[in-house]
Every structure is written in C-alpha cells, then in structure tokens.
Amino acid sequence: MYLTREEEAILNGKLGEATASALKVIVKVGEALGAERLVEIPHAHASGLSYMTIGDAGLTFLKSFLEKGAKVRTFSTVNPIGMDLELWKILGISKEFAEKQSEIVNAIIEMGFEPTFTCTPYLIRKPAMGEHLAWGESSAVAMANTYYGGRTNREGGPLALMSALTGRTYMAGLHLDENRIPTHEIVIDGSIELSDPAYAGALGYVVGEKLRGGIPLIRNVRMGFDSIKSYTAAAAASGDVALTYIEGVTPDYEWAIRQASSIERVHVEKREVAELVKTKLDEDVDAIFIGCPHADVDEVLSIYAMLSKCKKLRIPVWISTSRNAYMKLKDIGVIEKLEAIGAFVIRDTCPVVSPFVEARFKSIAVTSGKGFFYLPKMQKSRTIIIPFNRIGEIACEKKK
Ligand code: F3S
C-alpha cells in the first residue's frame, strides 16, 4: 500500500504508540481488502461500546489503548451504550454493570470522543456528498451512504476506533466508485404506505432478506426522512445492505442509474411487507419501543402529539433518543408531559444493547424493522411491528 511520508512517520511512532498501533491495524485490513492507499476522514463513529456486548474483554482492550496514550485525531462520536447515564438505577441496571459501563465511558471520553451515545451521528454532524468516513453502526452507515451520499464501509467497532485514533481509513469497499454500482432494482408491486416509518422498516427488512448484501436501487417511492432512516436501518440489519439508491433522495442517484443499465429486478409484493406490520394486537405486549434508530426531536414531538390524546397509556411506551435531543425536549417540557401519561424517554442507550429489557419485557411492539430483527435475538423477546401512525390508538386502546 502506498503511504504518505506523514503516515510512514506515524507508523514509526511520531504520534505515539497508540496511534502507531492503530494505523498498523488499518493498513493491515486495507491491504487484505486490496486498498492502494489510505484516506483522511473528517468524522469517525465508533460502535460496540455497551458493556452488555463487549464485556470485560472490550473494556480491557480500551484501557490498553488508553494506557498507550490513545487520543482521537478527527471528530469522533460514539454509539449507544448499555444504560442511560442518569436513569440507570430507575432502569434496574445493577451497580456492577453501571460501574463497568462507566469505566468504558470514561475511557472513550479521555480519548477525546464526543459523548454522543447515539446511533444517529448524522444528526450531530451531517456528512457531505462524497465525503469519506469510518463509521461503525450499520444503520448510520446506510444513512450516510444512502441519504447523504457519504462514503463509508460498515466498520467493526474496533476498526472505527482505530480510524478515530488516526483520522484515516483504507480506500476500499464503498469508498470506491466501482463498488458502489447498483446490483438490483427493487420493484414494489402494489402501493405500500411508506410515509409510515414502520412500513418503510418492514420494506427494508424484506429487501435485506432478499438481497443479503447487494446494492439496491428503488425508483418512484415517496419516503420522508424518518422512513428512510427506518428503511436503511432494517435493510442493513436483515441483509447487510449498506447503500440503497433511492430516486429523489440519494444525491448520486443519477450516476447510479447510468451504471445500472441491465441489473436484475427483484420484486417485493405489498403483501410481504404488510403482513409484517400488525395493525391490531392479537394479544397484549409488555411495552411499545420507539426510537430504533434513535428518535429525533421531531419524531418525539409527533409521538407526543399521538399519545397526548390518551389520559393514561394502557401499554407503556418507551422512546430512545440521543442526549442531545433529550435535552431539547426537556427544555420544552415534553419529557415530563410524556412521563405523566406513562411514556418514558431514555437517552444514551437503546433496547437492543441494554440489559434492562430482557429482565422486564417478554413481548414488545416496535415501529422498527431493525428492532424486529434484533430484539428476539439479543433480548429473547417476542417482537412485533406496529404502524408508527397508530401508536396512539394501540397504546390507548381500551381492554375488551
Ligand atoms: Fe440504534 Fe439500538 Fe436501533 S443502536 S439503530 S436504537 S438497535
């Protein structure tokens, strides 16, 4: 691999042992993937920082880098962790877990990461078209590539961390035009209510299952920001789809169309998507979880508008968001109003990577295709998808 003089110097310890070790890893991975050079990145996003998923081995790994003097060299954000840093006791998180999680948090803050704890880093800093990134959260990766026209592979947690510590990634995979050519056109038979993020998530789930890793192209659909966020997260979860070209959405869609003269067509029937979304509950669920990916301020306001019609919720509603959004919502009094009717807003964490969920909820309704994919695996809960636009009616429904 070609390395600049600066990169050679970093490998030889110019910026210390931690940076040198991190760059070595990136070079090795890059070489294995055929990269000819590295590229500087303006934003790294590290995932895999919940103590529930990385355990003591992950904590030891982080500490060892910190001891070697690890410091981030670019703007660096972090994914949700295993608990709300303020509400962990209320969530029933054990003291032992909280201490270990706090050690992880302290280590990454000491390295210079922004304490964002959200899977929506694009709401903290918008990727520019064509910008190279090293992000390690599949839903965020898919949004960066699909919605913003950024360029990032789906990095594993440790590799995104190495990119944060060096400000670089390897030029391979989705950083290169030749690997961004659409592989399949998705043809949707029948009209699906894609303005509802739950249906968009169900579509993403089906597309991911059918493609398993391709690059789909979708013409002529109407999806707003929340629906695209839901679609991309689900397709990334069920099928590792890191980029979809969506007409009228993806900035380099026209370029993609020119590359895709004769690609395979994959049909998705309305029925396949509709049958994943339950408009009525056959039996009760223990909770409704919204905010996978993290709900932004506008989404929480729409949830509040629907729930505020209830005096008291019949089914508790949990909303996960970023601490950034949480503070804004708190300032305008929405957090307290939601709590008053039986809805809880949590920040820093998410139902998939926090231990409080499995301990409390055996059956969960979500509005997310990604949640539908992961909750049964990670929390062993029976999980169904319900329409986002009907959460008010479902949560307030009278018992028969
Ligand atoms: Fe975010 Fe957790 Fe869903 S990290 S995308 S809320 S699984």
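**Cavities, pocket and sheet**

Tutor: The largest cavity holds about 90 Å³ of space. On a 1 Å grid over the protein atoms alone, a cavity is a set of points where a 1.4 Å probe fits but cannot get out, a pocket is an open set with protein on both sides within 12 Å along at least five of seven lines, and lining residues have an atom within 4 Å of a point. Grid points are joined across faces, edges and corners, and a volume is the space filled by probe spheres set on the points. This is a predicted model, in which local features need pLDDT of at least 70 and side-chain atom pairs count only at pLDDT 80 or more, while totals for chains, interfaces and linings use all residues. Residues are numbered from 1 along each chain as its sequence is written, and side-chain values use heavy atoms, with hydrogens and water left out.

Student: Why does the largest cavity lie between domain 2 and domain 3?

Tutor: Domain bounds come from an automatic or database domain assignment. Because domain 2 (181-274) and domain 3 (287-398) both give residues to its lining, the largest cavity lies between them. Among the lining residues are Asp-226, Lys-229 and Glu-299. Strand β10 supplies the largest share, 4 residues; strands (E, at least two residues) and helices (H or I, at least four) are DSSP runs, numbered from the N terminus.

Student: What is the volume of the second largest cavity, and which residues line it?

Tutor: Its volume is about 50 Å³. The lining includes Phe-289, Ile-290, Val-366 and Leu-375. It divides into 7 nonpolar, 3 polar and no charged residues, where Ala, Val, Leu, Ile, Met, Phe, Trp, Tyr, Cys and Pro count as nonpolar, Asp, Glu, Lys and Arg as charged, and the others, Gly among them, as polar.

Student: Which space does the ligand take?

Tutor: The ligand takes the space of the largest pocket; a molecule sits in a pocket or cavity if more than half of its atoms lie within 2 Å of its grid points. This pocket has a volume of about 440 Å³. Of its 24 lining residues, Asn-79, Glu-137, Val-352, Val-353 and Lys-370 lie nearest its centre. Domain 1 (5-177) and domain 3 both contribute to the lining, so the pocket lies between them.
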